[in-house]
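My entries follow in the order in which I looked things up.

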Amino acid sequence: MTLFVKYNFDLVCKTLLKEQLDALDISYTLNSLGEIQINGALSPEKLEILTTSLNKYGIEILTKQKVTLEDRIKNAIDDYLKNKEFRTVKLSTYLSDKLHYSYAHLSTIFSENTYTSIENYMILKKVDLAKELICHTDLTLTEIAFRIDYSSVAHLSGQFKKTTGLTPSAFQRIMNNKKL
Amino acid sequence: MSDKTLSIALADDDEDDRMLFSEAIDEIDISTKLSLFNHGQELMDYLTLPNIVLPSLIFLDLNMPIKNGQQCLVEIRNNPKLKDLCIAIYSTSSSEKDIEDTFLNGANIYVNKPNNFSKLREVVEKVLQLNWQYHTSNLNKETFLFRI
């Protein structure tokens, strides 16, 4: 017998982090995917146990030096795309308000370190989100377009095709056939 | 620019194609280390050696003697040690069936071999950039599917 499952990445990661942190009796707040605010200090022993238990799931705790500005920009873009209420302002305004740097500075740092621009990354990320929704939900393209702020299905399909080289329906057909 | 070096492998039986590819990659701003293979079997022999550093991206030609691209692709995807490698198919074929078959067999990117050098440089650069994003960002590898 073969079972097919559908899952929500965001929820999986959050639940997993919650379980692991609760098990160690740590007081925390999950800020966004990729950022955990620990309330109070964390003993080195607990940090080590947490590191090992998260490692099992392929989650790595980054040290301060490793969390670069471009990673923070990426996380902020993820948040921006996932929360409709943030999108009342332009991405450039949102980023400079949140990270306290001018957009020009952010955009220079980003391009220097990631081989792409903030704009292009945002498009790639939006298409990635669309791909996830196509694969793991029953939403129609119209609903998906609405959810990630495309003005129309045509706009979504156009950008999808331009970015991935595939139409949304070709992509969906391939992913469906791959599962079998 | 970042100091990380990307290691890349190319399997292609055509000597001219290999040479052009390596010239194109040299001109790109991303620092890379390229390994070349004459056919699929040579690539597979290399990948299955113990203690090697696996390339982060493999370009595979489809039509090769001894072992073709599709066979390599299937072997790589069925090998637990290799199944997470990023694979770009690099072929002259633009038949929809070939393209869909390679995606079904687990290819991440399908590149049509361009017919001039500046185009080649452009597409190789695009593939490297995409691969870079997938290695450094929270993007879903399961849906890593592009046709360039």
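**Sheet of chain B**

I began with B:Leu60, which stands opposite B:Ile89 in E4(B). The model is predicted: local features need pLDDT of at least 70 and side-chain atom pairs count only at pLDDT 80 or more, while totals for chains, interfaces and linings use all residues. Residues are numbered from 1 along each chain as its sequence is written, and chains are lettered from A and ligands numbered from 1 in the order in which they are written.

I then looked up the strands around that pair. Strand E3 (residues 57–60) and strand E4 (residues 86–91) of chain B pair in the parallel sense over four bridges; pairing requires that DSSP finds at least two bridges. Helices (H or I, at least four residues) and strands (E, at least two) are DSSP runs, numbered from the N terminus.

In chain B I traced an open sheet of six strands with parallel pairing, in the order E2-E1-E3-E4-E5-E6. Strand E2 (32–37) and strand E6 (146–147) of chain B are at the edges with a single partner strand each, so one side of each has no neighbour in the sheet.

**Contact between chains**

I found 23 residues of chain A in contact with 19 residues of chain B (C-beta atoms, placed from the backbone, within 7 Å). The elements of chain A that give two or more residues to this side are helices H3 (69–82), H5 (103–114), H6 (118–136) and H9 (168–179).

**Helix H6 of chain A**

I noted that H6(A) has 19 residues and reaches 26 Å from its first C-alpha to its last, close to the 27 Å expected at 1.5 Å a residue (1.5 Å times one less than the number of residues).

How values were computed
Contact = placed C-beta atoms within 7 Å.
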